[in-house]
Amino acid sequence: MELYFINKPNLDRLVKNLSKTYKIFAPVKADNKRFYKEIGENGLGDSVIGEIRAVEAIKSFYFPARTKIAEYFSKKTSNKEEKPIAIIGVKSCDLASFKVMDYVYAQEPFRDPFYVAKREEGLIISSDCTCYGETCFCVAIGIMPYPTENFDINLSEFDGGYVAESGSSKGEKIIKEYLELFQSAEPYMEKINSNRKKLKEDLLEHVKKSDIPPKDSVQGAFKSKFDSNLWEDVAKTCVECGACNIICPACHCFILMDQKNGNSFERLRMWDSCLLMSFARVAGGANPRKLLAQRMRNRFDKKFNFFFDTIGRFGCTGCGRCTEACPGKIDIREVLSKLQKS
Amino acid sequence: MMIDNPYLPIKTEVLDVIEESSNIKTFRLKPESLLHFKAGQFVEMSIPGKGEAPFTPSSSQYEKDKLEITIMKAGRITSMIHSLKKGDIVGLRGPYGKEYPLSEFEGKEILLIGGGVGLAPLRALFLALVHDIEKYKNVLFCCGSRTPSDIIYKDCVLDKWQNLDKKRVKLRITVDRKDDSWKGNVGLVTTTLDNLDINLKNSVSIVCGPPIMMKFATFKLLEVGYKPDQIYLSMEKNMSCGVGKCGHCRLGNFYACKDGPVFRYDKISHIHEIWD
């Protein structure tokens, strides 16, 4: 798609204009980490567009942790009209998670109307990573540290400003609407491409230490370790907190819960964790994954076996958030590495 | 414009509650709008404001004005369901899942084998087969229960169905343990598979019941000479959404709610957890 250059003051102007039609979120820094904060008509301020991914995945913008998905047997309460959401500073790993989310929620039959609406009306302004985090390993599983898909506009940051790439007709339309803020990207392409190349090489060097199997052999390596006691070892420090499921951009399992609310009944959809004991248990008491080791193995089964067969990609984006979040210090890179060891 | 909400239940009235056994009841239901299910598909039934659970209707798919579900009291939601009375309101959504592939059974000798409340989905299948009995060579319905009082659809199993079509429809009934008045066969339901008078090359077998019963029935069928692609199973899994999204019912590369619950045995025999 098309490439343009936009300087920092003009990007700020663009964001302020977009805030009229969108509820805009951008990463701000706190305690050396990045968190999404709503920025309004005040513009970018000290938002951090580059660096690395935010602590949270963007999935909560598309399917919130706890949301009402049906109100039944009563008069409908009118829904407040809300501005669609725009997120700035989305990184490549978050964009990769859309492949999983779209497959789960937006595929026929029975498309999830709430997710589909948010996908259609939302705006994604992604950005290149300008460095990597300690636990990042996206390149080891074939995901680049710069966006290549699923964005509306991508921003590649450097000292003078940003190279903006449109990734969709929605992104292209916005750029054309504010064309006076943009210039030709020609003079800056070499800088951007060399930045990307360097970051990719640096990150490849960093992940070498983790000795993760080549992408195309991960599934086979997992299958070979199916009956091994590796999973008991991995699960030893797991406390079944579900933090990995909550923080993972590609984890999407949920549970439906009904409750009474005044005169009507509500159905809520809430994030669920496959590591919890009762996830697969049936009413009669049978449980195909009674042991924590089985549930631990099942999570890897789904991410590196099931999704590889079903969508040709892993249900993992290499973002390393699970490693950061786990109180039991379980490192997904170590587990992947152990799959290929005897 | 919002696309259809798959999570929204339809208002449904309980027309009748029939006690089948000490812990199994059949609920005759009338949803506000018709729910055209095919035998083998399931619906999600909800107690308003309390929760939902998946069940396979047991009535005939050709009966338009009512829908019957046979439910065993086993957990939180089924306990609430068992407290329902005529006139109560529940929710239904569906039908979901893949139905029994009736067209693949045409011209064949069909063996149904069910245990306990597993007879419920098989009843829907049996009624669908009997509705068009001339399409099939014959039907043998093997029914097993723990004791005579645990037999569900007693009047059908012990009387009505035995006299439907003496040539083409036969039943074999057994109980694990008899009582004082039982004059019939005693033995596990797998014993009904002894001495079959069936041309195995032109037969299919459909199994339904508790996982352990399905496991041993399947193994016995294989022993007797059925091939894995001649055996159909109803896989029971923890379900929440029923539409292939929440992840709870994943079975290998399949979702029981979307790719099942009816599975042909050869397609799932490699999956490690099918009998758990």
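The interface between the two chains brings 33 residues of chain B into contact with 36 residues of chain A, where contact requires C-beta atoms, placed from the backbone, within 7 Å. On the side of chain B that touches chain A, twelve residues are nonpolar, 13 polar and eight charged. Nonpolar here covers Ala, Val, Leu, Ile, Met, Phe, Trp, Tyr, Cys and Pro; charged covers Asp, Glu, Lys and Arg; the others, Gly among them, count as polar. The model is predicted, with pLDDT of at least 70 needed for local features and 80 or more for side-chain atom pairs, while totals for chains, interfaces and linings use all residues. Residues are numbered from 1 along each chain as its sequence is written, and chains are lettered from A and ligands numbered from 1 in the order in which they are written.

**Domains of chain A**

- Chain A comprises domain 1 (3–62 + 77–208) and domain 2 (215–249 + 280–339), with bounds from an automatic or database domain assignment.
- The C-alpha centres of these two domains of chain A are 28 Å apart.
- Between them, 19 residues of domain 1 of chain A are in contact with 18 residues of domain 2 of chain A.
- Helix α3 (residues 92–105) of chain A gives the most to the domain 1 side of this contact, with seven residues.
- That side of domain 1 of chain A consists of eleven nonpolar, four polar and four charged residues.

**Domains of chain B**

- Chain B is split into domain 1 (10–96) and domain 2 (102–234), and the centres of the two, taken over C-alpha atoms, are separated by 23 Å.
- Their contact involves 15 residues from domain 1 of chain B and 13 residues from domain 2 of chain B.
- The side of domain 1 of chain B that touches domain 2 of chain B has five nonpolar residues, nine polar and one charged.

**Strand pairing in chain A**

- Helices (H or I, at least four residues) and strands (E, at least two) are DSSP runs numbered from the N terminus, and two strands pair if DSSP finds at least two bridges between them.
- Strand β2 (residues 23–30) of chain A pairs in the parallel sense with strand β5 (residues 85–90) of chain A over three bridges; A:F25 is opposite A:I87 in β5(A).
- β2(A) is also joined by seven bridges to the antiparallel strand β3 (residues 33–39) of chain A, with A:A26 opposite A:K37 in β3(A).
- β2(A) and β3(A) form a hairpin with two residues between them, and A:D31 in the turn has a positive phi of about 55 degrees.

**The sheet of chain B**

- Seven strands of chain B form an open sheet with mixed pairing, in the order β10-β9-β8-β7-β11-β12-β15.
- Its edge strands, β10 (185–186) and β15 (262–264) of chain B, each pair on one side only.
- Strand β9 (residues 169–175) of chain B runs parallel to β10(B), joined by two bridges; B:T174 has B:N185 in β10(B) as its bridge partner.

**The nonpolar core**

- The largest nonpolar core has 162 residues, and those with the most contacts inside it are A:I88, B:L112, B:L125, B:C142, B:I206 and B:V207.
- Such a core is a set of buried Ala, Val, Leu, Ile, Met, Phe, Trp, Tyr and Cys residues joined through C-beta atoms within 7 Å; buried means that 20 or more other C-beta atoms lie within 10 Å of the residue's own.
- α3(A) supplies the largest share of this core, eight residues.
- Beyond its neighbours within four places in sequence, B:C142 is in contact with residues including B:L111, B:L112, B:I113 and B:R172.

Conventions. Buried ≥ 20, exposed ≤ 12 C-beta atoms within 10 Å, placed from the backbone.
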